[in-house]
Amino acid sequence: MKFMKLGSKPNLFQSDGNNVRYVASELATDITVTVGDVKFYLHKFPLLSKSACLQKLVASGNEENSDEVQISDIPGGPAAFEICAKFCYSMIVTLNAYNVVAARCAAEYLGMHETIEKGNLIYKIDVFLNASIFRSWKDSIIVLQTTKSMLSLSEELKVVSFCIDSIATKACIDVSKVDWSYTYNQRKLPDENGNDPNCNGVRSRPVPKDWWVEDLCELEIDLYKCVIMNIKTKGILSHEVIGEALKAYSYRRLPGFSKGVIHSRDVLKYRSTVDTIVWLLPAEKGSVSCSFLLKLLKAAIIADSGEMAREQLVRRIGHQLEEASLNDLLIRAVEGEDVMYDVDMVQKIVKEFLMQDQNAEFESEENEVQEIRRPRILTDTSKLMVAKLIDAYLAEIAKDPNLPLSKFVDLAEMVSCISRPAHDGLYRAIDMYLKEHQGISKSEKKRLCKLMDCKKLSVDACMHAVQNERLPMRVIVQVLFFEQVRSAALSGSSSPDLPKGLKDLNSGSHGSSRSAATNPEEDWDALATAEELKALKGELASLRLGNGVEGSERNGGDSRNSIDKAAISKMKGLLKSKRIFTKIWSSKGAQGENCGSDSSESLGPANPEEAKSTPSRNRRHSVS
C-alpha cells in the first residue's frame, strides 16, 4: 500500500479521554473547535493561516464567542479534522488509501487551497492521489470504497471518476503488462516478498484475462456498476470476460445464490443487486451460461424483482435453453402456491425458445424476393436436447400431487412439434403422473396418453408398458400392435394377422362386437385388469424361460449375448403369440372395468442426475 508523510514536527496532539483533544504547548490555546462531540483546544494562528473556512467562521462570530467555532458537518468527522489540524501545525501526518479521501474532502470543506497558502493540503493530497493512488490497482479499489460515506463531495471533486477510470483502464490492459498483485492467484509478486522461497515462479505463470474479477467483488453494487459500465464502454474485453465477472460478483455478494435462496436480511439490497446484475449482462448470446441465467431468475423471483428484469432473463434463457440442466430448470413456486414448481415460468421459457424458429421463418419470407437464405437459428440437435430436457422436467413435476393435468399437458404439447426418435422420456413422465394421480378420470387418462406415440417406444419401454397396470387397455394393445408391425418389418415378413377388433381399433373404428353389454370406447379406455396383465406376465415369463433354455443349448452355456438382443427376442416371441391377444380379448369381454393394482415398476429414472449425486462446485474457472 502506498502512503505519504506530511510535516516534520512530532505529534503533540493529546487527549484527556473525555472527547477532548489539545496541543501540548507552552502557549495557551485561544480557539476551541467543536467537531461532533469532540472538542479541540487549538491556536488561531496556524489554523487561520491555512484555512479560509476557519477565517470566515472566526470573523463572523461575535466578540463574546469569537474563540469558539462549531463544525458539525465536516466530511470525515473528528478524525479527518485532526489530520487537517496537524498539517496546519506542520506535525507528521501519514496519508494512505484508507484516509486520503476523508482528508481530501475535509480539506476542501476547510478551504485549504493554494490561494490561502502555497503548498497547502489540497495540493499535496492531489499530488499523492495522481502520483501514487491512481497508479496502484488495489489502492484505487480501496479509495473507491471509502468514497461511499462522502459520495456527493467525492464525485464533485472527481475522486470517484478518477478511481473508476483507473480501475477500468487497468482491467483492460494487455495481460502481458500486468505486473502488480491481484487476488486471483492468492499470492504476491516476488518483488513484494523479498526472498520468500514460496513465491518463486509466480511471474512465470500466465496471467488470465479475468485476473481482476475477484478484487472488484469488494465494491458495493452502485460503484461496481460504474466500473463495469466503464469497462464495457472501452470495448476491449470480450463479453465472456464481462460475464465471468458478473458471475463471480453474484456468488460473492448474493448469499444463498447457488442454492436458490436468500440468506440476507436486507431484501431491498438483495433485489437491487440482482436487478443491477441483470441490467449489466452483455447482450451477446453465450456471454454467461444458461445455468447462471436460471439461478439469476430464481433469485429475481425470490427477491420479487420487477417484470422487466424477469422478462429479460426469460428471453435470454429461452435463447440458450439447450444448455440447461434439469436441476437448473426446477424453479420453485412462490410461497402460498399449491404446486411445488413454477410451471408457468418454464412454459414462457420454452415459448421463447420455439419463437426463434418462427422469427427465422419470418426473416426468410421477407427476404424471399432477394433469394437470401439465412441459417436457421434452431438446429435439430438443439431442438432434440430441449425436448429431452422437457420430458425429464415433466417426469419430475409429475411427482407433485397438486399439479393440474392441464399444466402437464400444455407443456408437453408445446414441444410436441419437435420430432424425436424415441418417446421413452415422455412415457416415463406419463407413467409418473398416472402413479401420483390415480384419481383422474378415464377421459383425462386418454388425454394424457395421447401425448405419447407408441410407435416410438424402445423395446425396454414396450416391455414395461405391456405390464403397466396404470395404462388404459387401448395403450397396451397399441404398444403390442405397433411393436409386432415393427418386428415384422425388420424381419421382412408380412403384416401381422390380428383379430378384427384390434384392426378396427388401430384403424379408428370402434364398432367391435367385443362386448355387447358395455361401450367399446369406454372399454378400451379403461385400465387393464389384473387377470389380463397376469396373462401377459405369464407369457413373458414363459418366453424368458424358453429363451434362456434355447440360448444355453444353442450357445453351449455361452452367456455373452447382449441385453438388447435378449430383450428384442423376448418381445418378438411375445408379439408372435396370438394367444396373448385372445386372452386379452376374452378376459376383457368377461370382466367389467376393474382397475389393476399399482404394482408395476418404474421404467427408470427420468433424470440421470437422480441416479448419482455429485457435489455442486461453484469454483470459478479462468477465462484465458
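Two terms before I go on. Strands pair here if DSSP finds at least two bridges between them. Helices (H or I, at least four residues) and strands (E, at least two) are DSSP runs, numbered from the N terminus.

A word on the source. This is a predicted model, where local features need pLDDT of at least 70 and side-chain atom pairs count only at pLDDT 80 or more, while totals for chains, interfaces and linings use all residues. Residues are numbered from 1 along each chain as its sequence is written, and side-chain values use heavy atoms, with hydrogens and water left out.

Now walk across the sheet. Strand 2 and strand 3 are antiparallel, paired over three bridges. Ser15 stands opposite Arg21 in strand 3. These two strands form a hairpin, with four residues between them. Gly17 sits in that turn and has a positive phi of about 85°.

Next pair. Strand 3 and strand 5 run in the parallel sense, over three bridges. Here Val20 is opposite Lys39 in strand 5.

Then strand 4, residues 31–35. Four bridges join strand 4 to strand 6, and the two run parallel. Val35 faces Ile71 in strand 6.

What packs on this sheet? Contact means heavy atoms within 4.5 Å. For angles, axes are lines fitted to C-alpha atoms, for helices over the stretch in contact, and the values run from 0 to 180 degrees between N-to-C directions.

On to a helix pair. Helix 12 (residues 267–280) and helix 13 (residues 290–302) pack at about 145°, with axes 10 Å apart. Which residues meet? From helix 12, Tyr270, Val274, Ile277 and Val278 meet Phe292, Leu296, Ala299 and Ala300 of helix 13. That contact divides into eight nonpolar residues, no polar and no charged. The classes are simple: Ala, Val, Leu, Ile, Met, Phe, Trp, Tyr, Cys and Pro count as nonpolar, Asp, Glu, Lys and Arg as charged, and the others, Gly among them, as polar.

Is Ile390 buried or exposed? Ile390 counts as buried, because its relative accessibility is 0%. The cut-offs are under 20% relative accessible area for buried, over 50% for exposed, and partly exposed in between (1.4 Å probe, protein chains only). Leaving out residues up to four places away in sequence, Ile390 touches Leu329, Val346, Val350, Leu411 and Val415. Ile390 and Met414 are 24 residues apart in sequence, and 9.6 Å apart in space, C-alpha to C-alpha.

Cysteines now. Cys290 is buried, at a relative accessible area of 0%. Cys417 is exposed, at 60% relative accessibility. How many disulfides are there? The count is zero, taking a disulfide as a pair of cysteine sulfur atoms within 2.5 Å.

Last, the totals. The protein has 28 helices and seven strands. Of its 624 residues, 47% are buried. Among contacts with a separation of 6 or more, 73% are between residues 24 or more positions apart.
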